[in-house]
Amino acid sequence: MIYSVDVRIEVPVRDTEVTDRVADAVENLFPGVELTHEPGKLVGETHELERFSERLHEQTILDTARREFDKRRDEEGFSFALKKQAAFKGVVNFSVGNPDELGDIEVHVTVRDPSVEELIDYIAPPTEDGRPIDPADR
């Protein structure tokens, strides 16, 4: 699928953390992200979600991802938060409840094309018995 999105990523960098390691955590899930250092945080932008989608499929957490996307979804896009330590290992772990002591990776996706719903279906398709449903079967 061809899609057009703007993905903005913000992640705090605490005094006790090494900035490069925080950057690695983000890049593990969003390769090619362009990160800039601002006071106390890294801010990044990318236009690609393929690797992130691959990890959701590999970890078989598509339903969880869809729930998290829907929690903070509007007509322009959706947002979600991820745990830094898991991301450092290349693992998607959504941050739910209280923010992590070190802060979470905040991801904001603005969708230009296709619709928000179609993009979510592409990144994390609906499932049946834990397996992605083929769009042709819907």
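**Exercise 1. Which residues form one aromatic cluster in this model?**

Step 1. The cluster consists of Phe-30, Phe-52, Phe-69, Phe-78, Phe-80 and Phe-94. The model is predicted; local features need pLDDT of at least 70, side-chain atom pairs count only at pLDDT 80 or more, and totals for chains, interfaces and linings use all residues. Residues are numbered from 1 along each chain as its sequence is written, and side-chain values use heavy atoms, leaving out hydrogens and water.

Step 2. Apply the pair rule: ring centres of Phe, Tyr and Trp (its six-membered ring) within 6.5 Å; planes under 30 degrees apart are stacked, over 60 edge-to-face, the rest tilted. This gives 9 aromatic pairs.

Step 3. Classify Phe-30 and Phe-52. Their centres are 5.2 Å apart and their planes at 15°, so the pair is stacked. Both are buried (under 20% relative accessible area; exposed is over 50%, partly exposed in between; 1.4 Å probe, protein chains only).

Step 4. Classify Phe-69 and Phe-80. With 5.1 Å centre to centre and 45° between the planes, this pair is tilted. Phe-69 lies in helix 3 and Phe-80 in strand 4, so the pair ties together parts 11 residues apart in sequence. Helices (H or I, at least four residues) and strands (E, at least two) are DSSP runs, numbered from the N terminus.

**Exercise 2. Which residues of helix 3 (residues 62-71) are buried?**

Step 1. Leu-62, Ala-65, Arg-66, Glu-68 and Phe-69 are buried.

Step 2. Turn to the face away from the buried side. Arg-67 and Lys-71 are exposed there.
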